[in-house]
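User: I am new to this structure. Please pick one part, look at it closely, and then show me how the rest is arranged around it.

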Amino acid sequence: FVGFSAAIGNTSVFKHVSEMGNFSDDMLNLDTLRKILVREEDTIIFSLIERAKYPINSPLYDKRPGLSGSLFEFFVKESEAVQAKAGRYSSAEENAFFPDNLPPPLLPLRDNEQVLHPRGASININEQISNMYHKQLLPLITSNGDDRNYAITAGRDLDCLQALSRRIHLGKFVAEIKFRESPENYTRAIRAQDKDALMKLLTFTSVEEMIKNRVEKKAMVFGQEVDLKENDNVGKYKVNPSVVSRLYGEWVIPLTKFVEVEYLLCRLD
Ligand SMILES: O=C(O)C(=O)C[C@]1(C(=O)O)C=C[C@@H](O)C=C1
């Protein structure tokens, strides 16, 4: 997998990956992928904590005269153009929010193994992710108000959106693994284009429950107020842990599963 070394951090898998230089097909398994998803939880929660430091700052998202949209949209488009030049979107797990007309990378990149099926590889649900983020999530993690820190707020928003997008689009890899592990079962449902059957095949309710509990606990640990007096700040968190659990239960996991189903539907094309 392109770029996965960064995603999984300092684990034994990372060591193996860096020694190998690249992820290969025979390292494609559900255990490894789930470890990567667990590490992505940290990235998502830390990015939410950083965004929650600032109020909602809504003028950032209003349409601006002289721009084709809001200041935030402008910020994202320009940031993505710079990141495209640095090679960000050459990684299979990265998807741009404004994918049209992105510049090519400035440096030649490593030849990467094509793990995903080409049609499924181009699935991009960032518009849905962006809508969820702005309409549902942001009001739950920010206070009302406007401190005019628009540049820093936009940067924090982009960090959150990119982390969520990466996690959710990793569903393509999960789907590919599941297909390879059980091709007969999936082929039957894919040939029938049966979304419900696919959803049933790829769902592990106990894994989902574990994830929701774990992210709530992580939000408590990562977001606690720390000072030297004992027990002063018990129960005070930078982001409400139950919101993080809800984020996963209502949006992150369902959107990941949506990506998995969409990927599988075209897996035999
Ligand atoms: O771990 C898997 O098997 C996945 O497909 C990922 C995921 C998730 O989004 O976390 C999605 C569906 C499963 O029910 C469990 C977890």
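**A close look at Met 132**

Start with the contacts. Setting aside neighbours within four places in sequence, Met 132 touches Leu 137 and Trp 251. One caution before going on: this is a predicted model. Met 132 belongs to helix α6. Is Met 132 buried or exposed? Met 132 counts as buried, because 21 C-beta neighbours lie inside 10 Å. The threshold for buried is 20 or more.

Met 132 and Leu 247 are 115 residues apart in sequence. In space, their C-alpha atoms are 9.6 Å apart. In the protein chain, 76% of the contacts with a separation of 6 or more join residues 24 or more positions apart.

**The helix pair**

Now widen the view to the two helices. Two packed helices are described by the angle between their axes and the distance between the axes. Helix α6 covers residues 126–141, and it packs against α12 at an angle of about 170°. Their axes are 12 Å apart. How do the two helices run relative to each other? Angles over 145 degrees count as roughly antiparallel. So α6 and α12 are roughly antiparallel to each other.

Which residues meet here? From α6 come Gln 128, Ile 129, Met 132, Gln 136, Leu 137, Leu 140 and Ile 141. From α12 come Val 243, Leu 247, Trp 251 and Leu 255. By class, this contact has 9 nonpolar residues, 2 polar ones and no charged ones. Met 132 is part of that contact, and so are Leu 247 and Trp 251.

**α12 and the ligand**

α12 spans 241–265 and supplies at least two residues of the shell around the ligand, as do α3 and α11 (205–222). Which helix gives the most to that shell? It is α12, with 4 residues. There are 13 residues around the ligand, and those that come nearest are Thr 203, Phe 204, Val 207, Ile 253 and Thr 256. The shell divides into 7 nonpolar, 2 polar and 4 charged residues.

Helix α3 deserves a word as well. At 1.5 Å a residue, the 22 residues of α3 (residues 30–51) should span 32 Å. The end C-alpha atoms are 31 Å apart, which agrees. The buried residues of α3 are Leu 33, Ile 36, Glu 40, Glu 41, Ile 44, Ile 45, Ser 47, Leu 48 and Arg 51. An α-helix has 3.6 residues a turn, so residues three or four places apart point the same way.

**α7 and its cover**

Helix α6 also takes part in covering α7. The buried residues of α7 are covered by elements that include α3, α4, α6, α8 (171–181) and α12. How far does α7 reach? Its 20 residues, 150–169, reach 28 Å from first C-alpha to last, close to the 28 Å expected at 1.5 Å a residue. Among the buried residues of α7 are Thr 153, Ala 154, Asp 157, Cys 160 and Leu 161.

Tyr 61 lies in the loop between α3 and α4. Tyr 61 and Ala 154 are 93 residues apart in sequence, yet 9.3 Å apart in space, C-alpha to C-alpha. Neighbours within four places aside, Tyr 61 is in contact with Ser 70, Phe 72 and His 134. Tyr 61 is partly exposed, because 19 other C-beta atoms lie within 10 Å.

Most residues other than glycine have a negative phi, and most peptide bonds are trans. Asn 57, in the loop between α3 and α4, has a positive phi near 55°. Asn 57 counts as buried, because 21 C-beta neighbours lie inside 10 Å. Asn 101 has a positive phi near 60° and sits in the loop between α4 and α5. Asn 101 is exposed, because 8 other C-beta atoms lie within 10 Å.

**The whole chain**

Step back last. The protein chain has 12 helices and 0 strands.

Key
Residues are numbered from 1 along each chain as its sequence is written. This is a predicted model: local features need pLDDT of at least 70, side-chain atom pairs count only at pLDDT 80 or more; totals for chains, interfaces and linings use all residues. The expected span of a helix is 1.5 Å times one less than its number of residues. A residue is buried if 20 or more other C-beta atoms lie within 10 Å of its own, exposed if 12 or fewer, and partly exposed in between; C-beta atoms are placed from the backbone. A residue is near a molecule or strand if its C-beta atom, placed from the backbone, lies within 6 Å of it. Ala, Val, Leu, Ile, Met, Phe, Trp, Tyr, Cys and Pro count as nonpolar, Asp, Glu, Lys and Arg as charged, and the others, Gly among them, as polar. Two residues are in contact if their C-beta atoms, placed from the backbone, lie within 7 Å. Axes are lines fitted to C-alpha atoms, for helices over the stretch in contact, and angles run from 0 to 180 degrees between N-to-C directions. Angles under 35 degrees count as roughly parallel, over 145 as roughly antiparallel, 65 to 115 as roughly perpendicular and the rest as oblique.
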